[in-house]
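Q: I would like to learn how to read the local features of a model. Please take them one at a time.

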Amino acid sequence: MRLNCLSCGHKVELDNAYDEFEGPVKCLCGTMLEIRTKEGLLKAIKVMDPQTPRPSQPPGMPGAAA
Ligand SMILES: [Zn+2]
């Protein structure tokens, strides 16, 4: 099965393990697609919001470590 990336249009190849699947798939372009498949058919697809929880770190001071 293939699905088109909503972001870049790349055809993402999915094997049979994805015939019954619900969850995220990552495209080559880095976009996370949330898909739902059933019996080898794509039922739903959407782009997941990029949620990269990064704790805001203050800029380091190079060379400050003594
Ligand atoms: Zn893509």
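Q: Where is the place of Glu39 in the chain?

A: Some ground rules come before the answer. This is a predicted model, in which local features need pLDDT of at least 70, side-chain atom pairs count only at pLDDT 80 or more, and totals for chains, interfaces and linings use all residues. Residues are numbered from 1 along each chain as its sequence is written. Helices (H or I, at least four residues) and strands (E, at least two) are DSSP runs, numbered from the N terminus. Glu39 sits in the loop between strand E4 (32-38) and strand E5 (41-47).

Q: What is the phi of Glu39?

A: Most residues other than glycine have a negative phi. Glu39 has a phi near 55°, a positive value in a residue other than glycine. Glu39 belongs to the turn of a hairpin formed by E4 and E5, with two residues between the strands.

Q: Is Glu39 buried or exposed, and why?

A: A residue is buried if 20 or more other C-beta atoms lie within 10 Å of its own, exposed if 12 or fewer, and partly exposed in between, with C-beta atoms placed from the backbone. Glu39 counts as exposed because it has 7 C-beta neighbours inside 10 Å. Across the chain, buried residues make up 3% of the 66 residues.

Q: How many helices and strands does the chain have?

A: The chain has zero helices and five strands. Along the sequence, the pattern reads β-β-β-β-β.

Q: In what order do the three strands of the open sheet lie?

A: Two strands pair if DSSP finds at least two bridges between them. Here the order is E3-E4-E5, and the pairing is antiparallel. Strand E3 (21-26) and E5 are the edge strands, each pairing on one side only. On average, neighbouring strands of this sheet are turned by 25° against each other, direction ignored; such angles run from 0 to 180 degrees between N-to-C directions, with axes as lines fitted to C-alpha atoms, for helices over the stretch in contact.

Q: How many bridges join E3 to E4, and which residues are partners?

A: Six bridges join these antiparallel strands. Among them, Gly23 is partnered with Ile35 of E4, and Glu22 with Arg36 of E4. The hairpin of E3 and E4 has five residues between the strands, and Gly30 there takes a positive phi near 100°.

Q: What is the bridge partner of Thr37 in E5?

A: The partner in E5 is Leu42. E4 and E5 run antiparallel and are joined by six bridges.

Q: How many residues of E5 are buried?

A: The number is zero of seven, so E5 lies largely in the open.

Q: Which residues does Pro24 touch?

A: Two residues are in contact if their C-beta atoms, placed from the backbone, lie within 7 Å. Pro24, found in strand E3, touches Met32, Leu33, Glu34 and Met48, not counting residues up to four places away in sequence. Pro24 is exposed, because 10 other C-beta atoms lie within 10 Å. The C-alpha atoms of Pro24 and Lys46 are separated by 9.5 Å, and these residues are 22 residues apart along the chain.
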